Amino acid sequence: MCKSKILTKYVQQIKQDIADRAKTFPNDTGMQMTARLAELHAATSELAELSTRRIVQLTWALAVLTVVIAGLTIPLAYDAYLKIKQHQQPGLTHQNTNEARPQQH
């Protein structure tokens with residue numbers, strides 16, 4: 001089972017325990033309630049830490065993917081630019097061949 005799922009289940013258990021304790025002992029403001037709240041705080045903090053790490057990893061993956069896509073797009077865009085330029089200037093060809101083009105009248 002994933003660590004975050006285990007922690008989530010543990011947090012739910014602590015919340016339920018605190019709610020049950022508050023119903024059973026409405027005037028209990030002692031050390032046990034404080035300890036359970038501290039456990040809840042520690043567990044939720046660890047869940048937040050796991051989520052933050054996951055978000056950072058996903059952000060890095062997205063940055064790498066963006067660089068890869070840009071690296072693939074730039075040569076294609078340059079090739080398209082050369083082809084457009086070739087069509088605008090009929091005397092030049094992309095492969096630099098010396099084939100004569102038929103002249104249009």
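Which residue forms a salt bridge with Asp 79, and how far apart are the closest N and O atoms? The partner is Lys 83, and the closest N and O atoms are 3.8 Å apart. We'll come back to that pair after a look at the whole chain.

A word on the model first. This is a predicted model, where local features need pLDDT of at least 70 and side-chain atom pairs count only at pLDDT 80 or more, while totals for chains, interfaces and linings use all residues. Residues are numbered from 1 along each chain as its sequence is written, and side-chain values use heavy atoms, with hydrogens and water left out.

**The overall picture**

The protein chain has two helices and zero strands. Both kinds of element are DSSP runs numbered from the N terminus: helices are H or I with at least four residues, strands are E with at least two. Of the 105 residues in the chain, 13% count as buried. Here, buried means under 20% relative accessible area, exposed means over 50%, and partly exposed lies in between (1.4 Å probe, protein chains only). The chain exposes about 9100 Å², and carbon and sulfur atoms supply 62% of that; such areas come from the Shrake-Rupley method with a 1.4 Å probe, and for residues only the protein chains shown count as cover.

Now for contacts, meaning heavy atoms within 4.5 Å. Among contacts in the chain with a separation of 6 or more, 51% are accounted for by residues 24 or more positions apart.

**Inside: the core**

The largest nonpolar core has nine residues: Leu 7, Val 11, Ile 14, Ile 18, Met 33, Leu 40, Ala 43, Leu 47 and Leu 50. Such a core is a set of buried Ala, Val, Leu, Ile, Met, Phe, Trp, Tyr and Cys residues joined through side-chain atoms within 4.5 Å. Helix H1 (3-24) and H2 each supply at least two residues of this core, with H2 giving the largest share, five residues.

Take Leu 50 as an example. Leu 50 sits in helix H2 and is buried, with a relative accessible area of 18%. Leaving aside neighbours within four places in sequence, Leu 50 is in contact with Lys 3, Ser 4 and Leu 7. The C-alpha atoms of Leu 50 and Ser 4 are separated by 7.1 Å, though the two residues are 46 residues apart along the chain.

**Outside: salt bridges and a patch**

Side chains of opposite charge can pair when their charged atoms come close. The structure holds two salt bridges, each being a side-chain nitrogen of Lys or Arg within 4 Å of a carboxyl oxygen of Asp or Glu.

| Salt bridge | N to O distance |
|---|---|
| Glu 49 and Arg 53 | 3.4 Å |
| Lys 83 and Asp 79 | 3.8 Å |

Glu 49 and Arg 53 are four residues apart in helix H2 (residues 31-88), so about one helical turn separates them. Lys 83 and Asp 79 are also four residues apart in helix H2, so about one helical turn lies between them. As for accessibility, Glu 49 is partly exposed at 40%, Arg 53 is partly exposed at 48%, Lys 83 is partly exposed at 43% and Asp 79 is partly exposed at 29%.

Finally, Leu 62, Leu 65 and Ile 69 form a nonpolar patch on the surface, with about 290 Å² of accessible area together. Patches are made of residues with over 30% relative accessible area and no salt bridge, with like charges joined within 9 Å and nonpolar side chains (Val, Leu, Ile, Met, Phe, Trp, Tyr) within 5 Å. Leu 62 lies in helix H2 and is exposed, with a relative accessible area of 54%.
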